Amino acid sequence: MNDIITTACKFVTSSIGRKIIVALTGTCLLLFLVGHLAGNMTIWGGSEWINTYATGLHTMPAWLLWAIRLGLLAIVLIHAVLTLVLKLENTRARTPYQMEGTMKATLSSRTMVYTGVMIVCFLLFHLWQLTINGDPADCYGHVLHAFSNEWCSLFYIVAICCLFMHVRHGVQSVMQTFGLATRKVRPLYNIIAVLFGIAVCGGFIAIPVAVLTGLLR
Ligand code: HEM
C-alpha cells in the first residue's frame, strides 16, 4: 500500500507526471464540451426538445448528478492548479536563449493562462444564470431570454472565442504529451485542433447569434 502511495506521489511531483495529468483532465473537459454541445443542439428541434433534454438531466438520482458536478469541479481545479505549477516551473527553468524562442509560440499558447481565467469567469456567470436561476422545464425560454440581451450574447461570444483559443492549443498539447505529435504529422494535428475548435465553439456561438438574428424565437 505504502509503495503505491509513494509511486503516486513521485508521479504527481514529477514534471512528466503533471503533464500527463493536465492532458488527461484536459481530455475529460474536451469530452464534457462535446457532450454539452450535443445536448445544446436539441435547441434546433424547438422548445419541446431542449426542455425534455434538460428535464431528463434532472431526473437522474441527485447523488449521481452531484457526483458528476463535483467530479467536474475537481477536474477543473486539478487542471488549473497543475497547469499553473507547470507554467511557473517552465518560466523558472528557461534560459535567455529559450525566452527568445517563445516569440515564435502561437498566440493561443502564449495566452493559455488568460483564456483559462476568462473561461472560469464565464463558467461562474453561466452557472449562476442557467443552472442556479434556470428552470429545466422552461430551458428554451431561459436561453432565449438570456440571449435577447445583446450584452449577454456579446459576453458569451467573446468567452467562447477565448474557449476556441484554449481548446485549439489544448488539443495540440494533449497530442504532444501523449507522443502523438511527431514533427512529420504535427501540421496535420494543427489542422485537426483548429477544425475541432471551430466545430465545438462554432456550435456554441451559433445559439446566441441565432437568437440575436431572430432565427430562434
Ligand atoms: C451558447 C452556449 C451555451 C448554452 C446555450 C448553454 C446552456 C446550458 C444550460 C441550459 C445549462 C443548464 C442545464 C441544467 O442544469 O438544466 C448549462 C449548464 C452548464 N454549462 Fe452550458 N451552455 C453553453 C455553453 C457552455 C460552455 C462553453 C461551457 C464550458 C466552458 C458550459 C458549461 C456548462 C456547465 C459546467 C454547466 C453545469 C452543468 C450542471 O448542471 O451540472 N456551457 N448550460
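Helices (H or I, at least four residues) and strands (E, at least two) are DSSP runs, numbered from the N terminus.

**Figure 1. Overall view of the chain, a predicted model.** Read along the sequence, the pattern is α-α-α-α-α-α-α-α-α-α, with 10 helices and zero strands. Residues are numbered from 1 along each chain as its sequence is written. As this is a predicted model, local features need pLDDT of at least 70 and side-chain atom pairs count only at pLDDT 80 or more, while totals for chains, interfaces and linings use all residues. The C-alpha trace spans about 55 × 45 × 30 Å along its principal axes. A residue is called buried if 20 or more other C-beta atoms lie within 10 Å of its own, exposed if 12 or fewer, and partly exposed in between, with C-beta atoms placed from the backbone. By this criterion, 17% of the 217 residues of the chain count as buried. Two residues are in contact if their C-beta atoms, placed from the backbone, lie within 7 Å. Among contacts between residues at least 6 apart in sequence, 81% join residues at least 24 apart.

**Figure 2. Confidence along the chain, given as pLDDT.** The predictor's confidence in each residue is expressed by pLDDT, from 0 to 100. The chain averages 90, and 95% of the residues score at least 70. Among the elements of the chain, helix α5 (residues 96-101) has the lowest mean pLDDT (53), and α8 has the highest (97). Where pLDDT is low, the predicted coordinates should not be read in detail.

**Figure 3. The shell around the ligand.** The ligand is surrounded by 21 residues, the closest being Ala54, Leu130, Pro136, Phe204 and Ile207; a residue is included if its C-beta atom, placed from the backbone, lies within 6 Å of the molecule. Helices α2 (15-40), α3 (47-58), α7 (112-132), α8 (139-147), α9 (150-177) and α10 (186-212) each supply at least two residues of this shell. The largest share, six residues, comes from α7. By class, the shell has 15 nonpolar, five polar and one charged residues. Here Ala, Val, Leu, Ile, Met, Phe, Trp, Tyr, Cys and Pro count as nonpolar, Asp, Glu, Lys and Arg as charged, and the others, Gly among them, as polar.

**Figure 4. Helix α3 and its buried side.** The buried residues of α3 are Ile50, Asn51 and Ala54. They cover an arc of only 100° around the axis, which puts them on the same side of α3; the arc is that of the directions from the helix axis to the C-beta atoms. These buried residues pack against α8. On the face turned away from the buried side, α3 carries the exposed residues Glu48 and Gly56.

**Figure 5. Helix α4 and Arg92.** The expected span of a helix is 1.5 Å times one less than its number of residues. For the 32 residues of α4 this gives 46 Å, and the end C-alpha atoms are 46 Å apart, which agrees. Two of these residues are buried, so α4 lies largely in the open. Arg92 is found in this helix (residues 62-93) and counts as exposed, with 7 C-beta neighbours inside 10 Å. From C-alpha to C-alpha, Arg92 and Gly56 are 49 Å apart in space and 36 residues apart in sequence.

Figure 6. Cys162 is buried, with 20 other C-beta atoms within 10 Å. Not counting residues up to four places away in sequence, Cys162 touches Thr115, Met118 and Ile119. The C-alpha atoms of Cys162 and Val85 are separated by 21 Å, the two residues being 77 residues apart along the chain.
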